[in-house]
Amino acid sequence: MKRGLRGLAIAWSVLSAAWALDPTRALSQYHKRNWQVQDGLPRNYVMSVEPSGDGYLLVGTDEGLARFDGVRFVPFDPQPGVGLARRWIGALLHARNGSLWVGTFDGWIYEYRGNKVQTKFNAGGSVFALLEDQAGRIWASTRNGVLRYGSDRFQPVAGLTRPPETAWNVLTQDREGGIWAVTLDGLFRVQNDTVVQVPFDQRTAGEPLAVEADRSGAVWVGTARGLSRVDEHVRTIVAGVPGPVVSILQDRDGVVWVGSWGQGVFRVRGDHADSWSARDGLPDDFIRTLHEDPEGNLWVGTRGGGLVRCKDTPIVPYGLPEGLGGNYATTVAKAPDGHLWFGTWRGGLYRLVDNRFEPQPTPVPSLYCSVRALAIDPSGYPWIGNWEGLFGYDGKRYRNYAPAGSPYHLVSAMLFDRQGRLWLATSNNGVYVFSSGDVSRPSASFLPGVEILSLFEDSRGRIWYGTPQGLGRLESGSAPAAVPVPGLPADGVSAITEDTKGRIWATSLGGSLYSVAPGAPVVLGTAQGLPGSPLYRLLDDSADGLWISSAKGILRLGSSQMTEFLAGQRKRVDVALFDQDDGMRTPECHHVSQPAGWADPRGGVWFPTTRGFVLAVSRRMGRTPPPEARIEEAVWDDHVWQPGMPLRLEPGAHALEIRFTALRLGWAEKILFRYRMEGLDPDWIETGQLRSARYARIPPGNYRFLVQARMPSGDWSARAGQLAIYQAPRFYQTAWFTALLFLVSVVIASALYRWRIHIIRGRYSAVLAERNRIAREWHDTLLAGFAAITWQLEETLSRLKEMPAQAEATVELALKMVQHYRAEARSVIWDLRESRLDSETLASAVQSSLEQITRGSPVAGTVETQGLPVKLKDELERNVLRICQEAASNAKRHGRPERIRVELAYEPEQIRVRVEDDGAGFVPEEVMGLSRGHFGLAVMAERAERFGGRLKLTSEPGRGTIVEAVIPTTAAGTSK
């Protein structure tokens with residue numbers, strides 16, 4: 001699919017929109033990423049790549065269309081009935097009006113607008129290319145010829161036939177508006193409906209297969225034999241690009257990219273062409289399509305290798321492909337003339353000239369030369385230190401100034417100071433200083449027997465050193481001394497450096513960063529935002545970037561934010577970590593050599609790694625707004641929500657997953673996310689690079705889900721992706737149910753209150769009835785008895801005056817009356833203390849009373865029940881109980897029985913009570929009546945008669961006594 005001058009119809013936030021791929025870099029230095037079927041790509045045969053209207057990348061394959069956000073491929077089928085997610089896609093076009101045109105291999109052309117098909121046309125044969133001209137008309141190259149869409153239908157363009165079999169990118173538009181087409185008959189140009197064949201010598205250039213117009217007015221033609229450039233009808237064959245050429249792209253910097261059928265990818269800059277093929281890591285040499293996205297990334301669609309992305313990165317690798325003789329890089333040092341020198345481990349010594357490594361002489365063959373320490377003297381000659389000694393170069397040869405046996409034989413670091421003196425650090429015997437031009441013997445030494453890890457001279461001429469125990473300064477005056485820097489941890493100092501603001505920094509193997517001057521030392525660690533891995537060297541790139549090599553990649557901190565931190569204006573620093581996704585061939589840096597990095601005078605900083613050197617350049621990062629997060633879908637149960645409407649969840653518990661993304665195609669793997677469910681989550685939840693949020697259940701109510709994105713060490717996007725969510729309640733969670741429940745609660749509470757009042761009133765009535773009963777008991781027994789006693793006492797008084805002889809009998813009768821009514825009073829008190837009949841049956845109450853009466857005596861008492869017991873009224877049951885108590889008590893007190901038997905017989909209309917003992921018995925006629933003092937019999941009779949009953953007494957001397965009471969229950973009533 002050709003782009004011509006149609007431009008891009010979308011507005012897209014990009015990283016570095018002003019740049020395409022940096023043309024000064026070698027092809028091997030671009031960062032490349034490959035996606036295939038195992039990564040979610042529908043098929044590895046990528047036919048077309050095109051941006052969508054909303055910022056995604058659309059990828060057409062021979063088995064479906066997919067939408068890509070840089071991380072995840074999602075089958076794309078705007079109108080499910082068409083089935084694009086499973087069709088062979090031949091061509092894609094995003095028009096300026098926002099519509100999407102899709103051409104399929106089975107001959108259909110679809111126009112989608114608003115995710116609905118607006119146009120559907122059967123071209124009768126495979127669709128190879130789609131193009132929009134300056135007038136907004138759509139052109140299609142098909143197996144049946146070239147078609148043009150106008151007046152709501154496609155019409156064939158006379159004179160333009162189908163393209164060759166291996167030709168797909170066959171339509172383009174030049175800057176004058178002319179349409180160029182490749183057909184079986186050759187190369188043609190259409191201007192104002194006039195079709196003109198362009199002269200093209202196929203015998204020398206080859207059969208045309210692809211065409212692309214550039215911004216200068218020239219047209220590039222790919223042929224079966226290579227690449228040609230047509231400019232004002234002058235055809236020039238481009239050397240170094242073999243055919244067949246099937247895809248051509250000019251990027252925004254004017255560089256021409258060429259895809260060949262079997263030879264890989266070529267880059268044409270002026271008269272120079274370089275290549276990238278399977279030999280260099282390209283997954284497939286058969287190229288189907290090329291595309292440049294709005295971020296400047298290059299996308300390559302291959303026949304069997306899937307989709308490939310090439311991008312610029314802030315980290316530029318330099319290693320074997322760029323001319324380095326060995327992978328293990330060690331040192332970087334700057335010469336007085338500004339050139340940089342690079343040392344390796346058994347790979348040689350190099351200078352960087354015109355962005356290429358130029359080998360330099362070494363003391364021994366490169367295979368045996370390990371550059372552990374490197375310094376360039378004032379004359380521009382290199383000095384190399386390692387475990388074999390100190391080697392200085394004089395322009396002709398190297399000389400070893402520290403052979404075996406020398407106290408400074410094991411060199412670990414060195415430098416030439418501003419006075420031209422050589423400072424030499426060893427791994428076992430401290431530091432030595434040699435006068436300018438004289439390396440025969442040291443003029444001073446420091447720290448004998450100490451291992452030195454690093455040396456550095458600052459802008460004031462002070463010499464700093466690092467050891468496994470910490471950091472210090474060397475003073476070489478009349479009394480040389482080593483002065484440790486106080487206040488720092490006892491940790492290995494791997495390197496010391498000075499930034500452009502004059503601040504002295506030291507990195508430690510424990511993962512800390514020290515600011516040691518000016519001012520008091522300051523320590524930064526994990527609590528301040530550092531990752532905690534060993535740090536090797538800090539360098540300032542003069543573009544607000546402080547870069548630090550580490551065991552897990554390269555860190556970048558903003559120099560201005562470090563100023564804020566040291567001033568106490570912030571408590572943490574934002575750290576960005578760069579690794580393979582940012583251009584490094586390995587994240588593993590090291591500190592086995594000194595200096596382990598240097599600032600490039602042209603901008604950027606250099607670090608050695610275990611797979612070559614890397615150049616970190618802040619200016620290639622650009623300054624762009626943070627990516628905006630967007631919500632793609634929500635999934636719960638068997639439902640999928642698509643954007644455009646609020647989300648409503650039916651009543652019940654649902655496991656909800658919300659998926660989101662942010663579009664930054666070149667850096668999608670680096671984007672960080674955070675989300676929050678307003679009304680549920682108290683604060684933001686950071687997910688790192690995870691692009692989903694899960695909730696096991698959401699309480700009923702209205703919520704708003706928010707998600708934000710940012711790049712590492714960048715700001716969060718100002719505008720958050722939003723999704724309104726409503727969780728419908730179950731019926732018992734609704735407001736009306738709550739109101740109904742409240743109403744029912746009020747009714748129940750009212751009923752309970754009324755019931756409680758009823759109970760209280762009932763209890764009060766019972767208390768009142770009990771009071772009345774007691775009053776009756778006192779009135780009927782005690783008061784009557786006291787009245788009788790009063791009469792007896794009055795009778796006694798009168799007899800004392802008139803008949804003294806009879807007074808004694810009267811007094812005895814009064815005494816018996818007092819004893820009897822004392823027992824009655826005790827019974828009344830017993831009734832007050834025990835309310836057995838409230839919780840017991842009549843039979844059990846009689847049994848309990850009988851046990852109390854016979855307790856402590858040999859008398860055996862039994863209670864028997866006949867008939868079906870019924871609940872009598874309380875007053876009746878209480879009087880029956882008193883009759884039983886009185887009869888049993890009299891039998892035990894007067895008859896001295898061995899056995900007392902009580903029988904309760906429930907009959908249909910009466911209750912029969914029988915108390916029988918086997919005691920001494922008596923003559924009833926002799927004891928009846930109050931005059932003889934047997935008041936219990938009278939009271940029992942009164943109790944029976946109160947309820948309409950009668951009491952019968954049967955007794956004979958020596959044959960026991962029977963007290964029997966028959967009381968009607970119909971008159972007294974029963975209690976249900």
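1. Which residue meets Arg-252 in a salt bridge? The partner is Glu-292, and the N to O distance is 3.2 Å. A salt bridge here is a side-chain nitrogen of Lys or Arg within 4 Å of a carboxyl oxygen of Asp or Glu. The pair links distant parts of the chain, 40 residues apart: Arg-252 lies in the loop between strand S22 (245-250) and strand S23 (256-260), and Glu-292 lies in strand S26 (residues 287-292). Helices (H or I, at least four residues) and strands (E, at least two) are DSSP runs, numbered from the N terminus.

2. The model is a predicted one, in which local features need pLDDT of at least 70 and side-chain atom pairs count only at pLDDT 80 or more, while totals for chains, interfaces and linings use all residues. Residues are numbered from 1 along each chain as its sequence is written, and side-chain values use heavy atoms, with hydrogens and water left out.

3. The pLDDT is the predictor's confidence in each residue, from 0 to 100. Its mean for the protein is 88, and 89% of the residues reach 70 or more. Over residues 1-18 the pLDDT is below 50, although this stretch has 72 contacts in the model beyond near neighbours in sequence. Contact means heavy atoms within 4.5 Å. Residues 832-836 also stay under 50, with eight contacts beyond four places in sequence. Where pLDDT is low, the predicted coordinates should not be read in detail.

4. The two partners of the opening pair may be described by accessibility, for which buried means under 20% relative accessible area, exposed over 50%, and partly exposed in between (1.4 Å probe, protein chains only). Arg-252 is partly exposed because its relative accessible area is 26%, whereas Glu-292, at 13%, is buried.

5. The count of salt bridges comes to 52. In one of these, the closest N and O atoms of Asp-201 and Arg-203 are 3.6 Å apart. Asp-201 has a relative accessible area of 28% and is therefore partly exposed; Arg-203 reaches 70% and so counts as exposed. Asp-274 and Arg-267 form another salt bridge, at 2.7 Å from N to O, and both of these residues are buried. A network of salt bridges with shared partners joins Glu-864, Arg-901, Glu-903, Arg-914 and Glu-916.

6. Ser-412 belongs to strand S38 (residues 411-416). With a relative accessible area of 4%, Ser-412 is buried. A polar atom of its side chain lies 2.8 Å from the backbone oxygen of Ile-452. Beyond neighbours within four places in sequence, Ser-412 is in contact with Arg-372, Ala-373, Ala-425, Thr-426, Ser-427, Ile-452 and Gln-594.

7. Two helices may be checked against their expected span, which is 1.5 Å times one less than the number of residues. Helix H6 (residues 842-854) has 13 residues and should span 18 Å; its end C-alpha atoms are 18 Å apart, which agrees. The buried residues of H6 include Leu-842, Val-846, Leu-850 and Ile-853. Gly-856, which follows H6, has a positive phi near 85 degrees.

8. H7 is mostly covered, as 17 of its 22 residues are buried. Just after H7, Arg-896 takes a positive phi of about 45 degrees.

How values were computed
Polar contact = N/O pair within 3.5 Å; in protein donor to acceptor, adjacent residues only side chain to side chain.
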